[in-house]
Each structure stands twice: as C-alpha cells, then as structure tokens.
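Subject: Structure handover

Hi,

Here is the structure I said I would pass on.

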Amino acid sequence: MWKVVAGVFGLVLWAVVGDIGWLTAALLFGFWLDGRARWQALEARLAALEGAPRVESTLKTPAVPIQAIAESSLPTPVADVPPPPVSAVAPAQAESPAVVEVPAPAQVAAPAPLTKPVAMPVSAPRTGPGPLEQAWDAARAWLFGGNTVVRIGILILFFGVGFLIKYAADHSLLPIELRLAGVAFGAIALLVTGWRLVERRRGYALVLQGGGIGLLYLTAFGALKLYQLLPAAYAMALMVAFCGLSAWLAIRQDARSLAVMGSIGGFLAPILASTGSGNHVLLFSYYALLNAGIFAIAWFKAWRPLNLVGFVFTFGIGTAWGVQSYQPALFASTEPFLILFFAAYLAIAVLYALRQGPLRGAVDSTLVFGTPLVGFGLQAALVARYEFGLAYSAVALAAVYLGLAGWLLRRGEQGLRLLAETFIALGVIFATLAIPLALDARWTSAAWAVEGAGAVWVALRQQRRLALWFGLALQLAAGVALAIDSPMPVDVAWLNHRCVGGVLLAASWWFSAWRLQTVVRPLYRGLSIGFAALGLLAWLVALLAEIERLQFILLPAGLWLAAATALLAWLAHERLSWRDARWPALLLPLALGWIALVDGLNVLDRYDPAWWQPLRGWALLAWPAALLVAWWLQRRLAEPALVTLQQVLHVVLAMLLPLLLAFQVAGWVSAWQPQGDWAAASWAAVLAAVVLALRGPLRQREGWPWRPFHAAYSEWAAGGLALLIAIWTLPAASWSAAMAPLPYLPLFNPLDLVTILAGFALWRCLPLLPERRVGWALFAALAFIWLNAVLLRTLHHWAQVPWHVDALAHSTLVHATLSLCWTVLALAVMVLAHRRAWRVVWFVGAGLLAVVVVKLFLVDLSQLSGVTRIVSFLGVGLLLLLIGYVSPLPPAREESA
C-alpha cells in the first residue's frame, strides 16, 4: 500500500518541481514503510509460532546413551539381533503418541564417558537490521514477492507516464488536451482491466486499479496546475469523484489500499486545486464530506490506516490553516467544523473497536488519545478570548467521554471494557482539567484532591493499578496547586477557599492513606504512611494560616489545634480501625513540647521580657486542657508493644508541666519584684519541690500513671529536672542575693534557702547515677562552690566589698577569709574521712590544704599586709597542726579474699 501512495506523491512532486530525485526518494520511502510493516507482521507471526505448543519425537535407547553414540567417531561392530516383539513395549510408552521407541542394539562398544561436556556452538543473538537494511529488504520483498512482473510493470508504467507528461510539456508535441485525454483513457483502461480480473487474479487486479486511480489524480492535477485547462471547482469535483470511486471500489472488493489511496487523493485535491481565496467554509465542508465517507467505510470495515490518513490530513491541514489565517471573527464559522471533525473521529474510534471481529474491543490508541489531544488544543486557540470557554469545553468533553463509557459498559460486552475504561480515564482527566481552568488554585487543589481520593477508592476496589497511580498523582498535583498563592481576596472567616481547600486536601490524603493501609504490601504501607503525614501537614498549615490571618493569639490557638487533632486521630484509630492514626494522638506530648519551645524562643527573641510566661492570657486554660488530653490519650492508647515509647512520652509530660509552672511563677514574681534575685530563686524552688515530690510521696503511689511508669516519673523525669537544677546552681553562685526589701542574712536569705532546697533535691537523685562516687564528687563540688558564694556574699553585704570580680580579687579581707575558711573546711573533711576510714576523701581534704598552702605563698604573701597577713598565716598554721593531730591518714581497708 505504502509504495503506491509514495509513488503518487513522487509523481506529483516531480511534475511540480521538475526533479526526478523527488520521485526516487518518495519511492524509496514508500518501500521502507511497507517493508517495516511487513517486518513487524513477520515478527508477530514468529512470536505466535514460538508460543504455540510443540510436538516432539523422543528416541529412547535405554541400552546405549545417545551422548555416547554421538561422541563415537568410529563405527562399532554390532551383532545382528532380531527386534523385540511389540508386546515388549511398556504400556505407558505405547500410549504416548509423541514417543517413538527404538530398540537398542544388543552389543555396542561404548567409549569411555567424557569427563567434560562437549561445548556446542551457540550463535550470538541477532540484532535487528538498521534503517538502510530495512529499506533494502522492503524494496526487494515488494519487487520479488508475489507477482513480480506486474509490480515491475506498474513501477515502470509510473515512470513512463511521468516521463511522457514531462516530455510533452517541454516539447509541445501534441495538443495538451489530447495528451491529458490519452492519460485519462489509459487510467480508465487500467481500472476496467483490474475490475474484470479481480475474481481471477485479485492481487494483479488491485495493483492495476491502484495505478489507474493514481493516474486519474495526476491527470486532474496536470489539467489544473500545469495547463489551467480546468477551473478549480471542476478539478476539485473530479478529485472528489475519484475519491468516491476509490472508496466504492475498496468496499466492494475489500481492498484497503484503494480506500487509502482514494482518501489521500481526496484530501490533497483542495490543496492542489487551491486558488488562494482562503474560503475555509468551502474547504472544511469538503473535508466534512470526505470524513463522512471515511465514517461510512468505518461502519463496515475496521481499516486503521484509512482512519489514520483521514485524521492526519483533517487536523493537520486544519491546524495549518488556523496558524496562518484564523481570526477571532471567524469563530462562529470555524467552531462547528471542529466539533464535527472531533465527533467524527471519536465515532470512528468506537466503530473500530466494534468492527474487529475476533479481536473485538481492540483500541486504536492513536485516534482514542490523539483526537482529544489535538481537538482540545485547537479548541484552546479558538476560545482563548472567552473567560471560561476552555473550562466549559473541558466539562463538555468530560461529559461526552463519561457518557460514551456508560453506554459501552451497559452493552455488557467484555471486549469493549478496555475502551470503556479508557473513556472513563479521559473523562476524569478533562473533568480534572476543567477545575483549574475555572477556579482558583486553592479550589483546584480541593477538587483534585477529592477526585483523586475517589479514584484511589475505586481503583482499590477494582484492583486497577493504573487508576490507583493516577489518583495518587492527582492528589500530589493538588498539593502543588495548594502551594500556589491565590490572587483572590479572602473575606470570609474559616469558610474561604484557602482554609476549606486545605482542609479538603488533608481529608482526601487521609482517606487515601486509610484505604491504602488495608493492602498488605510494603509499598502500599509506605504510601499510606506518606499520605497520612502529608494530610496532617496540610491540615495544620491550612488552619494555622487562617489563625494567623484572623490575628488570633497563636499560642492558645495552636494548643487547641494540637489537642483537637490528636482527638480526631484517636477517633479515626478507634472507629475506622486505622492503626496508623494513633500516632498523632500518641505523640501529642512531643508536639506540646515543641510548641512550648517555639513560644519561649519567640517571646524572648521578639519582646525580650525578664521572664517567659507561658500561661499568659488564654493559654492559662489551653495548657492544662492540652496536657490533660495528652495524659488521657496516653492511657487510652497504652499497649505492651509501645511501653518504651510511652516511657519517653511520660518523661516529656512529667518535665513539661513543672517547667511551665516554674517559668510562669518566675514571671509572676518578676512582675511583683523586678529587682533582685527573687524570680530566679522562685524558678529553682518550683523545680526542686517537684523533684522532691517525684522522689518522695509520688514515688510510693500505686495508681496510674505512677505505678506502670514508675521509672519515667521517679527516675528519668526527676533526674532531668535535677540536672537543670544542678546547672542553675552555677550561675546562681555569681548572684549577690540582693533580696530587697529583706536584709541579707547568711544561709537564711531566699537565694541560699532555695540553693539548700536544690541541694537536697540533688542529694535525693544521687542514687539514680550509675556510678555513686562520681555523683558524690559532683555534689561535693557544687557544695564547695555554694559555700564560697555564701562567704563572698557575706563579705559583700557586711564588709562592703564591691560585688565585682576585680574588687573581690584584690580584696585582702577576701583572700585571708578564703584561706582560713578553706583550711577549716579541709579540717572537717579530713576528720570525717579519718573516722569513716575514707582514704579518697582524706586525700581530697589534703589536696584542699595543698591549695591553701600554695595560695598563701603565691597570692597572700604578695597581696596581704599587716594584720590580715598575720591572721592568715597564723590561722592556717594552727589549723594545720590541729589537722595533723586529729586526722592522720586512715589505714587502707583489707580486701577480702
């Protein structure tokens, strides 16, 4: 077929351009196309043959292995032995028709078996031929396959006619009318001859008829373009008649090639006969008639090449005209033709599926998908000036495809199910596309999300993987649309396109995650978790953005939102049997901790207050409610498999509540008494009291949550708060303990009393440390720092030593007092160590004495003078004598065997 089409085109180009190379190139291209089609058909037949069951014969020689016989290169003498009787054949072997039993010789000198198998040559896999090889093979197959003589004759005839027309035009040998009439009579003679021989020599006859049709087109073209003997209207009428003749011949003789050639000629006729008037109504009306003919043929025959020829010419030439000549004023006269052509090829695609015979239901993907793609693209150009024109077009296409799908499904034919599902997919796509064309991006995301969730639900019910991936991809596209800023103003609280769009997106993602978790596959499990997380993110972003837009106080609103989200997740877990939904409810303590951290950092960074007050305003109600919800959910979601995780979550709750109270109490105290160290002392006092409670009364309780989570409260939470207190004591040692309006009293001022309370709390937590000696060493170091701070504060308040590092470092009274106090402290430590036989502790006291001695000679000797130097040296010396008498080095304890 393709070489005939290429020959017609080559002759036309040769006649117009005057170069025979065009004819040669066209013929070669036609050979290549035809050869490619034949090659694909051959591959399909080979694949079908390879898939067919094989019938093999098996030669059984039980006495001698076949491999041994094959390996023997020399003949071996065999004794003549009569064949065994037929009855000797086993019944099971006799019943098998595919097995032929061959009796073994009586004596065969079998050679020794080979130790290695004989390597048989294996040919390398054959790769497909290249384009040039395919073209050469196609040309050779066309020329020498079938009736070679006829094909060569037609080929030579085409060349001869072309040469004749060209020569006659160049030399004016005969009147042009006579020349064209002779060609036309020759073409008619070929047609008549082919018609008369179609019953006896079908292939020969069809080739003759195709050549006759081509010559008629060439005659009409030459009369119009080369010699201007015919008006354009008459020439077009002739070409239409030739097109109809070829279609009639094709249907009557079941010859697809004739129909294709006639259609190509018909579509080229207005191009060849064009006068440049630009009458698009006449052009499209003529194409409508041609397409009606193709539709009529499609009603009887499933000829896909004919349908493709009509599709390519109709929309190709229509697109070319639109690019060059379309104006918005021509919409009313152009839109009906586009609708008509779209409907024609949509119907042809359906007829192709209905006329397949044994392959009923096969889908012509080019027409099924190409028609809406090209048609919608042309429609976009036509309705570009209308605001919602393309959106309405998409809705109309969606309705058409969904209606056709419903009609096909109601027919109840299994073979048409694929086409129906394809139309459903196209309908869904155009309905989806209509949303962003008509609505804001936020509403687009909402609609796409809901539509995607529905697609996921249907796909999982019907086990359609392609539909499932489409629904998931559509929901992801909805998320992208949600991220696009919308220019539309927002004037309604909560019920606006942004907030509602985000909530619907979150709901659709959650719905998809809920349905996906029912499929027991790792991939679907991961998708379920991912879409659940995306839904949670979309939910929080949409509502928090609306809260911020309405200028609500972010802290209490965030707390209420977190608690409400956790409760909704728990309801989904309980009522929908969605196990993954328990995680947002279970992890509420972590969310509350994050909210507290962000709020504290934000307040301290933006407002720089003296103390952060987390329970300010409505948060005074929101925080207790959120914490109660968190504890209640921990109890409702308690599982043996989650004990370790819940231990951590209870630790977070046990530390979060006292920290909130401590900061709020410090904020209230700071507002009451901004001067002095009242606020810092109150902060540590609250934490120390909580630690003592966790290590004391609450430790003995039997109810929930103390008993099942004893370690979380009495050990980990208490230990974490104790660590914060220990860190607090370091900067507290640098404070002057100015607690106005109260006067300063050593050890009985609020700061020292709180430090003693904190030390007691730390002492109660020492058993929690894995190494007791390390804990006692740290505790002793903190106590030593606090005692020095008490001494310095006393000198500051009572001896009027300025509370400044330089002043304290250069004060002789401070140095003398420190030397004496350190010696007394060393004395106490060493006496205690001697009585308890603590050699390590005794060495600690001795080390402190060594420090005092070094300090006396390096610092006090150079800085002190007068009475302070005397007191310092005498006092330290006397104390050293006393230590040496009352606290000698204790003996080492004997180790047990």
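Below are notes on the pocket and the salt bridges. Please keep in mind that this is a predicted model.

Pocket first. The largest pocket has a volume of about 1400 Å³. Its lining is made up of 38 residues. Nearest the centre are Trp776, Ala777, Ala780, Trp838 and Val841. Helices H27, H28, H29, H31 and H32 each give two or more residues to that lining. H29 (772-798) supplies the largest share, 15 residues. By class, the lining has 29 nonpolar, four polar and five charged residues.

Now the salt bridges. The whole structure has six.

Arg793 and Asp752 pair at 2.8 Å, N to O. Arg793 sits in helix H29 and Asp752 in helix H28, so the bridge ties together parts 41 residues apart in sequence. Arg793 is buried, at 1% relative accessible area. Asp752 is buried too, at 0%.

Arg616 and Asp599 pair at 2.7 Å, N to O. Arg616 is in the loop between H23 and H24, and Asp599 is in helix H23, so this bridge joins parts 17 residues apart in sequence. Arg616 is partly exposed at 33% relative accessibility. Asp599 is buried at 9%.

Arg579 and Glu639 pair at 3.5 Å, N to O. Arg579 lies in the loop between H21 and H22, Glu639 in the loop between H24 and H25, and the two are 60 residues apart. Arg579 is partly exposed, with a relative accessible area of 43%. A salt-bridge network links Arg579, Arg582 and Glu639.

Best wishes

Note on methods: Residues are numbered from 1 along each chain as its sequence is written. This is a predicted model: local features need pLDDT of at least 70, side-chain atom pairs count only at pLDDT 80 or more; totals for chains, interfaces and linings use all residues. Side-chain values use heavy atoms; hydrogens and water are left out. On a 1 Å grid over the protein atoms alone, a cavity is a set of points where a 1.4 Å probe fits but cannot get out, and a pocket is an open set with protein on both sides within 12 Å along at least five of seven lines; lining residues have an atom within 4 Å of a point. Grid points are joined across faces, edges and corners, and a volume is the space filled by probe spheres set on the points. Helices (H or I, at least four residues) and strands (E, at least two) are DSSP runs, numbered from the N terminus. Ala, Val, Leu, Ile, Met, Phe, Trp, Tyr, Cys and Pro count as nonpolar, Asp, Glu, Lys and Arg as charged, and the others, Gly among them, as polar. A salt bridge is a side-chain nitrogen of Lys or Arg within 4 Å of a carboxyl oxygen of Asp or Glu. Buried means under 20% relative accessible area, exposed over 50%, partly exposed in between (1.4 Å probe, protein chains only).
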